[in-house]
Amino acid sequence: MKKNVHLPFAAPLRYGWMILCFATGFSTLAFSQKQVRKDIREGNKEYRQEKFNDAELDYRKALEGDARSIEAAYNLGNTLYRQGKLQDAFEQYRTVTGNETDKRKLAATWHNMGNILMAAKDYGKSIDAYKNALRNNPEDDESRYNLALAQKLRDDQQQDQQQDQQQDQQQEQQQEQQQEQKQEEQPQQQEQQEQQNPHEMSKQNADQILDAMMQEEKNTQEKVKMEQVKQRKQRQRQNKNW
């Protein structure tokens, strides 16, 4: 039987990061960055209102304006996560881990990646993700708790796999033993049949012999009767002559 482990409520996703304003000397670039910031702010607002579809559109608009926006990528990952689009969320988080340098932000990202991997029952990789979260933020109690939980689930999973393998091996051994037993029984059954057949033939032969003896005895009796009749006739002839 598989062991049922009740999971606690997943640790809440970390909210969007503080908006950073970058000054630029080019008016077109400034306008573009301003629009990006506006899209992110609008996405954050809709995210807090749990309008995740609308928030996703705003974060994607922000990424169209600035594909290198780590904040937009991270917040888009959170929005996708809340919609159950875990694989898409994971890809956004992976982008963040390859570009972000702030340790606390990296810790939050690795934590969320660990949640996705644990939901997929990929406990080995989720353990690595939580360890990365703790390397970047050793004070993260949520990641520490989830790390312990992932390790427990991994051990249970390995134990279940070993039990399944043992059961499969036992079934294979039983099938082999049954097959061997059948192979051993077949010659024995054949030998028993061969031993029974001669007895059946002997009974038939005995019946035939008995019938032959009875017929022979009948023939003998008829011969005796005929001889007796012949002798009586001879006596009668002799009497007449006298």
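This is a dialogue on how to read several features of a predicted model.

Biologist: What are the ground rules for the numbers and values used here?

Modeller: Residues are numbered from 1 along each chain as its sequence is written, and side-chain values use heavy atoms, with hydrogens and water left out. As the model is predicted, local features need pLDDT of at least 70 and side-chain atom pairs count only at pLDDT 80 or more, whereas totals for chains, interfaces and linings use all residues.

Biologist: How many helices and strands does the chain have?

Modeller: Helices (H or I, at least four residues) and strands (E, at least two) are DSSP runs, numbered from the N terminus. This chain has seven helices and zero strands. The order from the N terminus is α-α-α-α-α-α-α.

Biologist: What share of the residues in the chain is buried?

Modeller: Buried means under 20% relative accessible area, exposed over 50%, and partly exposed in between, with a 1.4 Å probe and protein chains only. Of the 242 residues in the chain, 28% are buried. The chain exposes about 18100 Å², and carbon and sulfur atoms supply 47% of that area. Accessible areas come from the Shrake-Rupley method with a 1.4 Å probe; for residues, only the protein chains shown count as cover.

Biologist: Which residues does Ala72 touch?

Modeller: A contact means heavy atoms within 4.5 Å. Ala72 sits in helix α3 (residues 70–82) and is buried because its relative accessibility is 0%. Not counting residues up to four places away in sequence, Ala72 touches Ile40, Tyr59, Ala62 and Leu63. Tyr59 is 13 residues from Ala72 in sequence, and their C-alpha atoms are 5.4 Å apart. Across the chain, 56% of the contacts with a separation of 6 or more are between residues 24 or more positions apart.

Biologist: How many salt bridges does the structure hold?

Modeller: A salt bridge is a side-chain nitrogen of Lys or Arg within 4 Å of a carboxyl oxygen of Asp or Glu. The structure holds eight. One of them joins the side chains of Arg60 and Glu56, at 3.1 Å from N to O. Both residues lie in helix α2, four residues apart, about one turn of the helix. Arg60 is partly exposed at 34%, while Glu56 is buried at 10%.

Biologist: Where do Arg104 and Glu139 lie?

Modeller: Arg104 and Glu139 form a salt bridge, with their closest N and O atoms 3.8 Å apart. The pair links distant parts of the chain: Arg104 is in helix α5 and Glu139 in the loop between α6 and α7, 35 residues apart. Both residues are exposed.

Biologist: Which residues have a positive phi?

Modeller: Most residues other than glycine have a negative phi. Among the residues with a positive value are Glu50, with phi near 60°, and Lys121, with phi near 65°. Glu50 lies in the loop between α1 (27–48) and α2 (52–65). Lys121 is in the loop between α5 (103–119) and α6 (123–136). Glu50 is exposed at 54%, and Lys121 is exposed at 55%.

Biologist: Which residues form the negative surface patch?

Modeller: Patches are made of residues with over 30% relative accessible area and no salt bridge, with like charges joined within 9 Å and nonpolar side chains (Val, Leu, Ile, Met, Phe, Trp, Tyr) within 5 Å. Lys and Arg count as positive and Asp and Glu as negative; His and the chain ends are not counted. The place of a charge is taken as NZ of Lys, CZ of Arg, CG of Asp or CD of Glu. The negative patch here consists of Asp168, Glu172, Glu176, Glu180, Glu184 and Glu185. Glu184 belongs to helix α7 (residues 141–241) and is exposed, with a relative accessible area of 54%.
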